[in-house]
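I am opening my notebook to look up strands, rings, a cavity and a pocket. I write down each term with its cut-offs when I first need it.

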Amino acid sequence: MIIHSRPFDHPDAVVLNAQVQLEYAERYGDEGDVTPLDPSMFRPPNGLYLLAYDALDRPVATGGWRTQDRNDLGYSDGDAELKRMFVVPEGRGNGLARRILAALEDDARAAGRTRMVLETGTRQPEAIALYASSGYSPCEKFGHYRTYESSRCYAKPLR
């Protein structure tokens with residue numbers, strides 16, 4: 001597997017984002033994640049978006065982080081928010097998400113961010129298991145879905 005930095009609106013990112021949105025819609029019975037996102041949010045040094053490709057150069061996994069600081073959505077100064085972590089079904093179980101997560105943490109740390117935060121949901125037990133096994137702990141809810149009962153927020157110090 002090869003991991004490349006790509007813009008959030010790169011054609012391969014758009015394809016994987018559509019796939020993850022379908023999965024969210026199936027799991028939660030809604031329209032998917034409607035958190036407002038813009039490609040500029042993932043441009044270094046204020047963020048990063050990664051795509052993983054298999055041996056046949058097919059995009060198989062994705063993930064990004066974006067800068068967050070204290071605001072009315074519950075973020076804290078120094079936060080890096082993890083977004084759009086996704087591995088295509090046929091690529092799961094090979095450690096792709098863990099590799100992307102580590103690369104994103106390293107990049108956010110190098111950019112001076114002090115805490116990685118993420119929001120997931122109760123219908124994503126695989127994600128919850130990944131984050132728990134990677135050192136993330138439950139934290140106070142933040143972000144677009146902070147008032148949803150099914151929302152779960154996690155944080156990990158980066159220093």
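**Entry 1: terms and source.** I take helices (H or I, at least four residues) and strands (E, at least two) as DSSP runs, numbered from the N terminus. By that rule, glutamate 81 is found in strand S4. I note that this is a predicted model, in which local features need pLDDT of at least 70 and side-chain atom pairs count only at pLDDT 80 or more, while totals for chains, interfaces and linings use all residues. Residues are numbered from 1 along each chain as its sequence is written, and side-chain values use heavy atoms, with hydrogens and water left out.

**Entry 2: strand S7.** I looked up strand S7 (residues 151-157) and found five of its seven residues buried. Two strands pair if DSSP finds at least two bridges between them. Strand S5 (residues 115-121) is joined to S7 by seven bridges, and the two run antiparallel; glycine 121 has serine 151 as its bridge partner in S7. Strand S6 (residues 137-138) also runs antiparallel to S7, with two bridges, and there proline 138 stands opposite tyrosine 154.

**Entry 3: rings.** Rings of Phe, Tyr and Trp (its six-membered ring) pair if their centres lie within 6.5 Å; planes under 30 degrees apart count as stacked, over 60 as edge-to-face and the rest as tilted. I count six aromatic pairs by this rule. One of them is the tilted pair of tyrosine 75 and phenylalanine 142, with 5.0 Å centre to centre and 45° between the planes. Tyrosine 75 lies in the loop between strand S3 (59-68) and strand S4 (79-87), and phenylalanine 142 in the loop between S6 and S7, so the pair ties together parts that are 67 residues apart in sequence. Tyrosine 75 counts as buried at 4% relative accessibility, and phenylalanine 142 at 2%. The rings of tyrosine 145 and tyrosine 148 form an edge-to-face pair, because their planes stand at 70°, with the centres 4.8 Å apart. Tyrosine 145 is buried at 12%, whereas tyrosine 148 is partly exposed at 40%.

**Entry 4: the cavity.** On a 1 Å grid over the protein atoms alone, a cavity is a set of points where a 1.4 Å probe fits but cannot get out, and a pocket is an open set with protein on both sides within 12 Å along at least five of seven lines; lining residues have an atom within 4 Å of a point. My search of the whole structure finds one cavity of 30 Å³ or more. The lining of the largest cavity includes Tyr75, Glu81, Phe142 and Tyr145.

**Entry 5: the pocket.** How many residues line the largest pocket? I find 35, of which Tyr24, Met85, Thr120, Gln124 and Ala127 lie nearest its centre. The largest share of this lining, six residues, comes from S4.

Notes:
Buried < 20%, exposed > 50% of the residue type's maximum accessible area, 1.4 Å probe, protein only. Points joined across faces, edges and corners; volume = space filled by probe spheres on them.
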